[in-house]
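Please walk through the model below, one residue and its surroundings at a time. The text starts inside one chain and ends where two chains meet.

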Amino acid sequence: MSAEKWFIQYRLLLLALVGAFAFHGVLLFAGTYRNTYDAYVHIFFADHYARSWWIPWDTRWYTGFTMVSYPPLTHQLTALLSKITSLPTGFIVVMLFSAVVTTLGVYRFSRLWVAHRPALYASLLTVFSSSIAETVHVFGQLPTMFVMGVMLNALPYVWAWIERGKLRDLLRGWGLLMIAAAGHHVTTLFGMVFFSGPILATLLLLKFRTPHPQEPPLDDAPLSLGMMWRAVKRRVRRVMPALIREGVFGVGLIIILVVTVLPYWLWSRSDPITQITIPHASRDNFLVNTAAGFMFFIVPWGVMLMVLPYAIYKGLGSRNWILALSLMGMAFVGTGGTTPIPAKLLGGAFYILTLDRFTFWATIIILPFAGQFVESLLHGRLGGWIIAHLGAWWRLMVAGALGFALITFALFTANLTQFRRFQPAPIEMTPIVEFLAKDNHDKWRYLTLGFGDQMAWLSAQTTALNVEGNYHSARRLPELTSTPIERLDGAKFTEIPGLGSLQQFLTNPHRYNLKYVFVNDDFYEPLLYFSGWHRLGQLENDVQVWERADVPPLPATIPTQIYPAWQRLMWGVLPVGSIFITLFLFTITQFINFNQLLSRIPLLGRVVRGRLVRFWLLDEDARAPLPASEDWQLWRRFIRRLPKISVTPLAKRAVYGAVLALMLMVVLGLGVFMLRKQADTPQSTLLAYYDALDFKRFTESYTYLETALTREEYLRWLSLRGGILASFAKLENLSFLQETTSNPNDAVVHVSAEWLTALGSYTVQDRYELVNSSSGWRIRLDVSPPPPPRETVISTTAPDFYFDLPLNTLEETALTRGVLDRSLLAIGAVRVMVAPTLPIGFAPESYDAKRVKGRFEGLISVIGVVQNRDSYPAQVTISAILRDADGVRLAETNVMDVMLHQLLPQEITPFRIDFSGADAVQILEIEQIAQVELVVRGVPTAYHIDRPLVLLTADTLYNASAQSVDIPHILATHTDADGGLWWVSSTYLQMAIAPDDTAPISPLSAVPADLYALDLPITITAPRLDEHIPTIPSFVVHGYSR
Amino acid sequence: MTRLCLWIIGLLLLIPPVRADAPLTIVMPTSIVAGEPLSIIITQPTAQAGDKLTITLLHGFSRHDAQLTIGTGGITNWHIPADELIHAGEALLLVGDVRQSLTILPNTPAQTDLITTANSLTAYGEGKAMLITLVRDAFGNPIIGRASLNVLFPNFTRLTMSLPIRDGLGWTYFSSVGGVGRTRIRLSAGVGESALEIRQNPSHPALIELDIVPECLFADGRDPLQLVASVYDGYHHPVADGTQVIFRWLGGEGSALTLDGTARLSIPAPTRTGVHYYSAMSGEAQSNTTPLIIAERCAP
């Protein structure tokens, strides 16, 4: 073929390849990957290989995790490219390559099912496929894209091998699938079922129907048993060669899958994943969770949703009906929990797999049919029908509108992260990296909060160790595997389970050598403060650094899993080597005809030349032209018998009218829907008001009010209402109850608002009066204007402390002196209490119930009082250990927030250590506990030594300091009849208290029902313990000031 | 038979003659101190001048190999320069099948670390802390021996003691002497010397004097009430800065921190006319109850 002819034939494919390169290249280099979910995770993995190619163990996440848990090829390629560019550029290049290869692969895959021109259109549609745009620019799933491209290019070789039996095709197909296996095992494994399954089945059907060249025609003798036997034999002879070739291919593929990533399979066998199911929105009911429906159904399908009925109709009516069935199956499974059928089909796998991948595969499989659709519209029957019935202009308009919609939707999808932020604003990591690198801060672990997926980008830039990570399959800490949360970093999005897990880590930082927390979300500040952490300051990038005193540094040697040399060699060589192996196979098969070569080899040649092998395995099965599809689709015969319904073509005017009416109905329907959504009702006004308050749009919230206050007065009134709910909470739920009123223009609505804070959730009941004014329903706010601000000077005096650590060298930073300097403490009134009705863990969902056992109710608490008997403030850490009769440790934890962690000289605080979470859940019987050990230790501190709050009267708090107290906290002790300590309760006030101002005390937390004491021996150990027994204070009040 | 005899004779001729080797002698000290040069003289009378001799010294995890040329009289010398053998412990010399051990002793003390379990102590003999010292030679080898400890208390009392050091570690308890001030501690061992200062702080609160300023207030709730507590230890020294003082009154309480022995708390005055009583406590000390008069008019 001349170059000119070749160009003419493939110009659309070239256009598609250039288009894919330009479209995705521009967006990727513009930085879309920064806002994706997974890009930074893959960059982190690549960073591992860039740093230590031969060691498949990374200590930077999860106290160490194995890299063999994820096939490495794409990460290793990125790592190699980073040596000449940078990690992000390497990622972009591999991703761009994947997108272009996928475009080529779609053409080649489509050619198996449709003619040349539809296949070209399919490749053009790939460029603006919204599912690919979403995978690349929203999800950042590099391995998925890479493997999809490679796999689509491998499948034509698989087809060719099974059809013709050329060893060249088999070797090339295996080579490409080896690359795919090294890129992502799940896509190769599951994807092959849905992609190669239709190929294998369709080829078998074709062979079944196609007479062999040597096959004599069946005589016209009447049907007999012998004739039937001959017919069966013929068909077996037709099918068997292909079947055997499929078997050869299948066995080879399994060997390739196993060998290429053998360390992965060995790991998954020896160390099965114990993580309980983490909810994923792709498993939700899309009609209920419409946001999930948008992300996992509307966006990936996009314009293709309109083509789906055509594809199913066209597919089922042709030889491609198995592919169409595969498409339908995947599309249906991709609807997640919208219907119960996918869960029943997939069984247990439903709760492990993320189902968006099925939708992604379906949107790829539909492309050959979509190419057919475009071809039909531009050159075929569909276009002809439109011209005949509506006119040529309409065909152009429909094609143009579809093209416009496709491109617009692809652009919208690719930029979705700009319109709708899934990640926090980009964080400049340099200040954090520098902080970790200096003064030996990397001798401890750190944690990020509110970073989103950017935490992986931070990890990629430092050798410091993070206590968690962004790849939950690699988790092994029970505190993480036993909770259904994706990341501690975004704990607030997983509500109580997420925060419960985060609390475990922040309460017991010494267990993980966790000393620093980088906070990019105010939400977590109260939890850190009341768990004994102190704020070191704010970095240049506005990220806050919090520190915990008295945490031991990391051991000199961090435990790592040493893999055998052969496994490390395999992992380092084979994945990247698969590319070279494939290149070699492509090259060698270009010059050598393996079928001929085999038959020339002595001995082997005799076998190959033998009829058995030639016929069953290697010979081409020349295929006769396919008969019309109707002949083998039995149902068509039935359909043909049905009376034909002939429709008289309508006049053009009528058609135009109908189309216009349809369009108008759609527009009107949308309008009504939007209007109903924004209907002016008391509830909708309250909903909008709360929404504005939740997202801190205070000026907007004023517009929903009917009040005598001016906007400035209202804003001032709001500013005086600080506190945990106003400043550190997230609105979780709202429910309304409307009273019946006599006046239709008045309404009284009771609102129950559920607020989530880092310290727990609050339900706040409010009663609102609303009035139907000229501008709609408005909330009546009848409060007196707040006093105008006046200049008032409030002065206080307080001692301050500075600890001059004897830093001889940076190597010695606080590693010796600071730890050794222990505060003198006194402890008393220690008791072990059990509250049988309080929850202590997250009861598993029904699908996890069988494999997760535990005791999820019955809180065990150790209570007491502790006093600082030293002459300087002390940071106090109290740990309780429960042991059985043999002294075996059953559970261990520190005090979370039910104590004052920093004590002034002579100050006394009650404390309560609650056993909850993974450890406590595993104590199936409370009777197992035979002894309790209490470890009390203190170190000097200069933080959090202000005590601004005064209990003015039994029900009033007064702020005696010069700073607003944002979250007042009251610890109250409850005693039994003998004056012994019985319980310690903790209450956070919801309102802030301004300087020199008072606030009423809300009801204090009650003593739990059925509380009883356990009579157990308690051992108290401390580095410096005073024998003095402190008195039990009735109340301790303190608070957090920002 | 003759053939057999000849064959046996031939076989015997092939076996090399047994030569009685003269014993190889090694002259070297049985012990040296870390960093000291080492000279080893090896004599092998049967060896010819120019012959090579391989010698190995195993020293901890390190291995020193040398190939020596034997001189006249079968004598050769291996000199290991100073600062090569620096780790204290046993070394083993291997020459062929001959083995000889060498002990490397720590050198003289050159580095000392001084650590306490408390940066400050309660004065008047009420405070006790542990002093820990780590003594090493110039190469980091722990020392066995004694170190000299000198403590100068705030009242100029001097304590001198010889601290036994075992495996580089020495420790002792010491109590505060005298009143509030700084205690200077100096430890010396060989050329190594460390110094440390520890604060001697006031003792626990023992006496609280509570003042209310003013003693009488209008009942309009506009004037602040200041509670001032002066807190002293048992030796009438103001307590340490930052000591918490709790003020109590009917139905309420508040706390303040001492600065130079005085804690102040400003709170809104009660509005109910009459006499209100206040008290202060810190540690085990408690003040007398002090009255405050809230009235429509206060006497000048």
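Leaving aside residues up to four places away in sequence, Val749(A) touches Pro682(A), Leu686(A), Phe736(A), Leu737(A), Gln738(A), Asp766(A), Arg767(A), Tyr768(A) and Leu770(A); contact here means heavy atoms within 4.5 Å. This is a predicted model, in which local features need pLDDT of at least 70 and side-chain atom pairs count only at pLDDT 80 or more, while totals for chains, interfaces and linings use all residues. Residues are numbered from 1 along each chain as its sequence is written, chains are lettered from A and ligands numbered from 1 in the order in which they are written, and side-chain values use heavy atoms, with hydrogens and water left out.

Val749(A) is found in strand S9 (residues 746-757) of chain A. Helices (H or I, at least four residues) and strands (E, at least two) are DSSP runs, numbered from the N terminus. With a relative accessibility of 0%, Val749(A) counts as buried; buried means under 20% relative accessible area, exposed over 50%, and partly exposed in between, with a 1.4 Å probe and protein chains only. The strand as a whole is mostly covered, since 9 of the 12 residues of S9(A) are buried.

Which strands pair with S9(A)? Strand S8 (residues 730-739) of chain A is joined to S9(A) by 9 bridges and runs antiparallel to it; two strands pair if DSSP finds at least two bridges between them. Gln738(A) stands opposite Val749(A) in this pairing, and Gln738(A) is also among the residues that Val749(A) touches. S8(A) and S9(A) form a hairpin with 6 residues between them. Strand S10 (residues 760-773) of chain A is also antiparallel to S9(A), with 12 bridges, and here the hairpin has 2 residues between the strands. Thr757(A) has Gly760(A) in S10(A) as its bridge partner. The C-alpha atoms of Val749(A) and Tyr768(A) are separated by 5.3 Å, although the two residues are 19 apart along the chain.

Two other contacts of Val749(A), Pro682(A) and Leu686(A), are among the buried residues of H32(A), which also include Tyr689(A), Tyr690(A) and Leu693(A). H32(A) is followed by Lys696(A), whose phi is positive, near 60°. Helix H8 (residues 167-183) of chain A is largely enclosed by the rest of the structure, because 16 of its 17 residues are buried. H8(A) reaches 24 Å from its first C-alpha to its last, close to the 24 Å expected.

Charged pairs come next. Over all chains, the structure holds 33 salt bridges, each a side-chain nitrogen of Lys or Arg within 4 Å of a carboxyl oxygen of Asp or Glu. One of them joins Arg60(A) to Asp47(A), with the closest N and O atoms 2.6 Å apart. The pair links distant parts of the chain: Arg60(A) is in the loop between strands S1 (57-58) and S2 (65-66) of chain A, and Asp47(A) is in helix H2 (residues 39-51) of chain A. Arg60(A) is buried at 4% relative accessible area, and Asp47(A) is buried at 5%.

In chain B, the side chains of Asp113(B) and Arg136(B) meet in a salt bridge of 3.3 Å, N to O. Asp113(B) lies in strand S9 and Arg136(B) in strand S11 of chain B, so the pair ties together parts that are 23 residues apart in sequence. These strands belong to an open sheet of 3 strands with the order S9-S11-S14 (chain B) and antiparallel pairing. S9(B) and S14(B) stand at the edges, each with a single partner strand, so one side of each is left without a neighbour in the sheet. S11(B) and S14(B) are joined by 7 bridges, and Met130(B) stands opposite Tyr173(B) in S14(B).

Finally, 33 residues of chain B are in contact with 27 residues of chain A. The area buried between the two chains is about 2600 Å², of which carbon and sulfur atoms give 53%; buried area is the accessible area (1.4 Å probe) that two parts lose on being put together, summed over both. In chain B, Asn119(B), Gln244(B) and Leu257(B) lose the most area to chain A, together 19% of what that side buries. The rule finds 1 salt bridge across this interface. The side chains of Arg869(A) and Glu284(B) meet in a salt bridge at 2.6 Å, N to O.

Technical notes:
Expected span 1.5 Å × (residues − 1).
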